[in-house]
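Subject: Structure for you to look at

Hello,

Here is the structure I said I would pass on.

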Amino acid sequence: MDFLAGCLGGAAGVLVGHPFDTVKVRLQVQNVDKPLYRGTFHCFQSIVRQESAFGLYKGIGSPMMGLTFINAIVFGVQGNTMRLLREDTPTNQFLAGAAAGAIQSVICCPMELAKTRMQMQGTGEKKSSRKMYKNSLDCLLRIYNQEGLRGVNRGMVTTLIRETPAFGVYFLSYDVLTRSLGCEPEARFMIPKLLFAGGMAGIASWISTYPVDVIKSRLQADGVGGVKQYSSIADCIRQSVRREGYMVFTRGLTSTLLRAFPVNAATFATVTLFLMYARGVEEAPKDCEAAQTSHHTQMQQQEAQPTSL
């Protein structure tokens, strides 16, 4: 049930947030000497004007397939880990989330590599004259043929460093907020509370590891034009800081946070409501049987008692 709920939540999140993700990646990897975009909103406007609205959805195939499956893994692993840990405490929520984040990195890394390469393809062109990749799958196959398994897993270390603590913070924040807001099934304004808790959990998660995401994006976009700039994670950090200063680690943060709230609000609300409904349906027959048994017992007791007649 956790896996199916994660699938639905993942699909909802991708549809809402992919345009923001495209803007984030473009800002993170643009050439600092010849920048194409002045900021988040200028990047949005430029993509729509130069590449049409569909430009914002470049590379959506990879996250739509991957993130749906990834969210199924994340919520499935997190739910099963919590059952193994038995106690529903903030610490256990963090540990369960961290475990889920580490496991899903195996799929997340190649998916984000394909997404990043597709998003960078045809930058500034309405109709790209020469498309290197036809789609996300073709992108991964070409990388595999040229660089092998190592190429497909480019950025795996940075993905693990980002995802493990980020998902711990994600589930910890959501747990603390839902407890504080009182998101019980019978509570007033339950859906707005769930949306707020999910959105804020997403923001907290991204802020906690955002600098790592900048480095990951740069490593995965490296070599798109045929020229490789970075030899390692340390070299990428060193070159980025030397050329752009420490503010480089906040590149694209505005679009990321604008994306984080609606995406995670939609994801968590979808998952939580689906699980509430599913568990309610499962428990309903039991409740019905219990009610019938109780009613039957009451009737027997009434028959056994002496009446005024």
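The notes below cover the salt bridges.

Please keep in mind that this is a predicted model. Searching the whole structure turns up 17 salt bridges.

R26 and E51 form a salt bridge through their side chains, with an N to O distance of 3.0 Å. This pair connects distant parts of the chain: R26 sits in helix α1 (residues 2–29) and E51 in helix α2 (residues 40–51), 25 residues apart. R26 has a relative accessible area of 1% and is therefore buried. E51 is buried as well, at 3%.

The salt bridge between D88 and R179 has its closest N and O atoms 3.1 Å apart. Here too, distant parts of the chain are linked: D88 lies in the loop between α3 (61–85) and α4 (90–120), while R179 belongs to helix α6 (residues 156–181), 91 residues apart. D88 is partly exposed, with a relative accessible area of 45%, and R179 is partly exposed at 46%.

R162 and E112 meet in a salt bridge at 3.2 Å, N to O. Helix α6 holds R162 and helix α4 holds E112; these distant parts of the chain are 50 residues apart at this pair. Both R162 and E112 are buried.

R162 and E112 also belong to a network of salt bridges, in which they are linked with D21, K24, K115, E163, D213 and K216.

Regards

How values were computed:
Residues are numbered from 1 along each chain as its sequence is written. This is a predicted model: local features need pLDDT of at least 70, side-chain atom pairs count only at pLDDT 80 or more; totals for chains, interfaces and linings use all residues. Side-chain values use heavy atoms; hydrogens and water are left out. A salt bridge is a side-chain nitrogen of Lys or Arg within 4 Å of a carboxyl oxygen of Asp or Glu. Helices (H or I, at least four residues) and strands (E, at least two) are DSSP runs, numbered from the N terminus. Buried means under 20% relative accessible area, exposed over 50%, partly exposed in between (1.4 Å probe, protein chains only).
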